[in-house]
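Hello! Here is the structure I promised to pass on to you. Have a look at it first, and then read my notes below.

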Amino acid sequence: ESVAVALDTLGLEHEAQVDVDGYLVDRVVHCVDQHDCPHPAAIFVHTAGRTVHARFKQPLGGTMMRHRHLRRLGYVCVNLQVEAWSDLSPGDRVSLLEAKILEAQQRQGA
């Protein structure tokens, strides 16, 4: 829910729990500004030990495969760690999410 609030604050259109080619995505963001944000963003909220390594906080094999598949479909992937996200203030959540989406867009070749 707090991810939705941050996306709303950023003025981004989004959908919750979207099936994208067989993969469940926590949030899909469709950017209005195609210049700064030409690719839809798949946002994943991770809990340590389930989809990311508990100690190193890096995505596990199945998560990496899902990301590769979605990138080939034209999505950028954004990972949020629920433990770190929960510790942030609402303003810091907005800033972090905006930075992660922009960084993912740049990596994808926006």
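**What I found**

Valine 5 sits in helix α1, which covers residues 2-10; helices here are DSSP runs (H or I, at least four residues) and strands are too (E, at least two), numbered from the N terminus. This is a predicted model, where local features need pLDDT of at least 70, side-chain atom pairs count only at pLDDT 80 or more, and totals for chains, interfaces and linings use all residues. Residues are numbered from 1 along each chain as its sequence is written, and side-chain values use heavy atoms, leaving out hydrogens and water.

With a relative accessible area of 46%, valine 5 is partly exposed (buried is under 20%, exposed over 50%, partly exposed in between, with a 1.4 Å probe and protein chains only). Valine 5 and arginine 93 are 88 residues apart in sequence, yet 9.4 Å apart in space, C-alpha to C-alpha.

Now to the two helices. The axes of α1 and α4 come within 9 Å and cross at roughly 75 degrees (axes are lines fitted to C-alpha atoms, for helices over the stretch in contact, and angles run from 0 to 180 degrees between N-to-C directions). So α1 is roughly perpendicular to α4, a label for angles of 65 to 115 degrees. Residues making the contact (heavy atoms within 4.5 Å) include Val3 and Leu7 of α1, and Arg93 and Leu97 of α4.

Finally, the largest nonpolar core has 16 residues, with Val3, Leu7, Val29, Ile43, Leu97 and Ile101 having the most contacts inside it. Such a core is a set of buried Ala, Val, Leu, Ile, Met, Phe, Trp, Tyr and Cys residues joined through side-chain atoms within 4.5 Å. Helix α4 gives the most to this core, with four residues.

Enjoy exploring!

Notes: Angles under 35 degrees count as roughly parallel, over 145 as roughly antiparallel, 65 to 115 as roughly perpendicular and the rest as oblique.
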